[in-house]
Amino acid sequence: MTTFSAISAQLEGQAIEVPSWAYGNSGTRFKVFGSPGTPRTVEEKIADAAKVHEFTGLAPLVSLHIPWDQVDDFAALRRYAEDLGTGLGTINSNTFQDDDYKLGALTHADPRIRQKAIDHHFACIDVMDQTGSRDLKVWLAEGTNYPGQGDIRGRQDRLAESLATIYDRIGDDQRLVLEYKFFEPAFYHTDVPDWGTSYVQVNALGDKAYVCLDTGHHAPGTNIEFIVAQLLRLGKLGSFDFNSRFYADDDLIVGAADPYQLFRILYEVIRGGGYGPDSGVAFMLDQCHNIEKKIPGQIRSVLNVQEMTARALLVDAGALDKAQRDGDVLLANEIFMDAFYTDVRADLAAWREERGLPANPLKAYLASGYQEQIEADRVGGTQAGWN
Ligand code: PSV
Ligand code: MN
C-alpha cells in the first residue's frame, strides 16, 4: 500500500470553503435553538470562520449567502476578512425567501418575477466583483407540489432562458455553478432535481458554467461517487456542498453519517483529476449546527474531509489497476479497503505540527479561550440565522 509519507505533500494546499450560515443559528421546521456566542453580524461570522482556518490551515475562504450576508461595502468586508487571515469565496444567491417566489423565480410564468430573480443574480455578480469571488452558486427552490400545477416543460425552457441571461453577465474569471436537489421545498416535481438536469442546463450555457453537487441532495442509496466520476469525465464538476444525510437534506457534519461514502467520493475525485492545484473543483461545506457548537462543528468537518482525502490518496492506484485488469475481484476490493481502513490520525497530527499547526486542532481551539470570549462578549443584538 502507498505510505503516508508518499502522499503527505499532496495534502498541502487543500482548501475547504466554509459557509457563513454555519455560524448562525439554524434548526428544523420545529425549532431553531439559539446558542451563546452566535454571531450577530456578517463580520462576526467571518471572525468565527477565520478561527477554523487558523486552527486547521484547511479553510481559507468563507462562502456568503445574499441577502443573509448583505453589507453596504463588500470591498471593506473583503479587507476585513483578509486582515483576519481568511478570504471571501463563493457567493450564493437566494430566491427562496421572498413571497414573489412562491410559485417559482427563474422559472416563474410571470416575466416580472423572472426579471426580479435575474436582477438578484446580477446583484450577486456585482458583489462577486467586489469580493473577488470566483463562483456564483445557484440553488433553486423551484418546482410544483401537485400534478398539473405547472407546465414542467415550459418551466425548463424559462429556466434555460433566465440562466442564459445571468450567464451573459458572468465575468471572464467567474463561473456559475448550478446546484441540484431531488426534492424540497417542492415535492411533486423539482425544476433542477438531478445532476443530469443541471448538466443539460449548464452545458447549454458554456465553459464557465458547471454543476454543483451537494452530497445531501440525493435519494437514499444513490451512488454519489458515480456521479462524481461522470461529471469529472465530462469536465463539468464545478463544486461540492459537503454534508451528511441520514434521511433527507439533513445538513449534518460531513463524514459523520457515512465516512466510507466520503472516502469513495474523494477517491473518485482524485481518480478523475478533481483534486490538487490544477483542479477547478471547489470544495465547500453546506452545513448547519443546530445542537452542537458551531465553530468546533466546522473544525470537525474540515478535519473529516482531510482525513478521508488522506485515506483516498493512500489507495495504491497501480496495484488497483492491475487487479482490475486481471479481473481479480477480491484483490481489487482488498486494495481499496486497505486504504479506507488505514488510521491516518497520528500521521496527520505529525504533519500538522511540522507545519506549525496544532496536532489536534479541535482540542487547541477549545483550549484557546475564543469560545468563552465570544459567549461573554456577544450579548444583545439579534443572533444571525436564516434571515
Ligand atoms: C439547499 O438545500 C441548499 O443546499 C443550498 O445550497 C442553499 O443555498 C443552502 O442549502 C442553504 O443552506
Ligand atoms: Mn447546498
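Does Asp98 count as buried, partly exposed or exposed? In this predicted model, Asp98 counts as partly exposed, because its relative accessibility is 30%, which lies between the 20% limit for buried and the 50% limit for exposed. Asp98 takes part in a salt bridge, and the count for the model comes to 25 salt bridges.

**A partly exposed pair**
- The side chains of Asp98 and Lys116 form a salt bridge, with 3.0 Å from N to O.
- This pair connects distant parts of the chain, since Asp98 sits in the loop between strand S3 (87-92) and helix H4 (111-131) while Lys116 belongs to helix H4, 18 residues apart.
- Lys116 has a relative accessible area of 30% and is therefore partly exposed.

**Buried pairs**
- A salt bridge of 3.3 Å, N to O, joins the side chains of Lys137 and Glu179.
- Because Lys137 is in strand S4 (residues 135-138) and Glu179 is in strand S6 (residues 175-179), this pair ties together parts that are 42 residues apart in sequence.
- Lys137 and Glu179 are both buried.
- The side chains of Asp191 and Arg155 also meet in a salt bridge, at 2.9 Å from N to O.
- Asp191 lies in the loop between strand S7 (189-190) and helix H6 (195-205), and Arg155 lies in helix H5 (residues 152-167), so that this pair links distant parts of the chain, 36 residues apart.
- Both Asp191 and Arg155 are buried.

**A network**
- Arg40, Glu44, Asp48 and Arg378 are joined into one network by salt bridges that share partners.

Definitions and conventions: Residues numbered from 1 in each chain as written. Chains lettered and ligands numbered in written order. Predicted model: local features only at pLDDT ≥ 70, side-chain atom pairs only at ≥ 80, totals over all residues. Heavy atoms only, no water. Salt bridge = Lys/Arg side-chain N within 4 Å of Asp/Glu carboxyl O. Helix = DSSP H or I, 4+ residues; strand = E, 2+ residues; numbered from the N terminus. Buried < 20%, exposed > 50% of the residue type's maximum accessible area, 1.4 Å probe, protein only.
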